[in-house]
Amino acid sequence: MRLSILNHGHGLATKALFSVIRMASGHPVLDIIKLVKYRADFYGKPMGAVTQEAMRGPSAWSVADRELMAAVVAKSNTCAFCTEAHSSVARQALGDSARVAAVLEDLETAPIDAPLRATLRMLKKLSTEHSVHAADMRALLASGVSHAQIKDALAVSFAFNTVARLAEAFRFEMPTSGAMDAGAKFLLARGYG
Amino acid sequence: MADIAAARQALYARILAGTGHSDPAQRRAAFEGTSQSQPARELLEKIRLHAHRVTDADVQQARAAGLTEDQLFELAVCAAVGQAGRQFDAALAALAAASGKE
């Protein structure tokens, strides 16, 4: 990572926690964990509350749907780390690797329902063009996505349009697939809070 | 429905008005994307618009201009949260315009 404080600046208790994580998982600590644990009161804790509500709060979208949204937002930000992280969670939540790969390869032909496809299309536009218009939202509503579902999807986009920027700015290292899958398993079981 | 309003406001309050290594006015400018005169201007602009183009040299340049790593950490967070927040607010406004309800 580009800032040495994110690698080595944590307090003793956090360093001890990292040792436990390394021993229990058999993998190095992921850079996202190093980020959220650095001066956690400034960013990690308040952002964790946002992300937990967006990803695991009450919603008509499933956990897998929201992880797919996170992966699409990450890919739209050209963030390889976040794309792989949330693809991995989505794969585990869905139990369907092919569908996740298809969504990221070509959203328009992926085997998913029309409302989810339309929502992912809107999130991709928002993340790449930085805005969407009323016409985009009218099209989304017409495709059968409810007002509440759109707000829930936008909450996911807020979280990952933030995190993906920081992952790229700080240059998160891509871990091994084993380490990423272990992290994804933890996120699926324990959430973001 | 998931409701991030309170958590988002708490995040904003912490990063903009809480204690830190950088001046709150610097953090506000990074958040709002108005940090033209800041030493980390180029870095923050990239974080807002295309963070994947940030380079080691951008970070070195900000360091050379006198910013500490803790200040860079805070300003980067503010830039990222601010831009993501503007995208979120723009999309909510578009939804309100399309649906006639908040």
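Biologist: How many salt bridges cross the interface of chain A and chain B?

Modeller: Five salt bridges cross the interface of chain A and chain B. Keep in mind that this is a predicted model.

Biologist: Which residue pairs with Asp56(B) in a salt bridge?

Modeller: Arg171(A) does. The closest N and O atoms are 2.8 Å apart.

Biologist: What area is buried between chain A and chain B?

Modeller: About 4100 Å². Carbon and sulfur atoms give 69% of that area. On the chain A side, Phe42(A), Phe158(A) and Arg165(A) supply 19% of what chain A buries against chain B. That is more than any other three residues.

Biologist: Back to Arg171(A). Where is Arg171(A) found?

Modeller: In the loop between helix H10 (147-170) and helix H11 (177-190) of chain A. Its backbone stands out too: Arg171(A) has a positive phi of about 60° and is not a glycine.

Biologist: Why remark on that?

Modeller: Because most residues other than glycine have a negative phi.

Biologist: Which other residue has a positive phi although it is not a glycine?

Modeller: Thr78(A) has one, at about 55°. Thr78(A) lies in the loop between helix H5 (63-76) and helix H6 (80-94) of chain A.

Biologist: What are the relative accessible areas there?

Modeller: Thr78(A) is at 44%, so it counts as partly exposed. Arg171(A) is at 38% and is also partly exposed.

Biologist: New topic. How many aromatic pairs are there over all chains?

Modeller: Eight. One of them is Tyr12(B) with Phe31(B), which is edge-to-face. The centres are 5.0 Å apart, with 75° between the planes.

Biologist: Where do Tyr12(B) and Phe31(B) lie in chain B?

Modeller: Tyr12(B) is in helix H1 (residues 5-17) and Phe31(B) in helix H2 (residues 24-32). They are 19 residues apart, so the pair links distant parts of the chain.

Biologist: Are those two buried or exposed?

Modeller: Both Tyr12(B) and Phe31(B) are buried.

Biologist: Which residues form an aromatic cluster with Phe42(A)?

Modeller: Tyr38(A), Phe170(A) and Phe73(B). Phe42(A) also has a charge over its ring: the charged end of Arg39(A), 5.3 Å from the ring centre.

Biologist: What lies over the face of Phe158(A)?

Modeller: Arg8(B), at 5.6 Å from the ring centre.

Biologist: Last one. Where is Ile47(B)?

Modeller: In helix H3 (residues 41-50) of chain B. Ile47(B) has a relative accessible area of 0%, so it is buried.

Biologist: What is Ile47(B) in contact with, leaving aside neighbours within four places in sequence?

Modeller: Arg165(A) and Ala169(A) from chain A. From chain B, the contacts are Val54(B), Ala76(B), Ala79(B) and Ala80(B).

How values were computed: Residues numbered from 1 in each chain as written. Chains lettered and ligands numbered in written order. Predicted model: local features only at pLDDT ≥ 70, side-chain atom pairs only at ≥ 80, totals over all residues. Heavy atoms only, no water. Phe/Tyr/Trp six-rings, centres within 6.5 Å; stacked < 30°, edge-to-face > 60°. Helix = DSSP H or I, 4+ residues; strand = E, 2+ residues; numbered from the N terminus. Buried < 20%, exposed > 50% of the residue type's maximum accessible area, 1.4 Å probe, protein only. Lys NZ or Arg CZ within 6 Å of the ring centre and 35° of its normal. Buried area = accessible area lost by both parts, 1.4 Å probe. Salt bridge = Lys/Arg side-chain N within 4 Å of Asp/Glu carboxyl O. Contact = heavy atoms within 4.5 Å.
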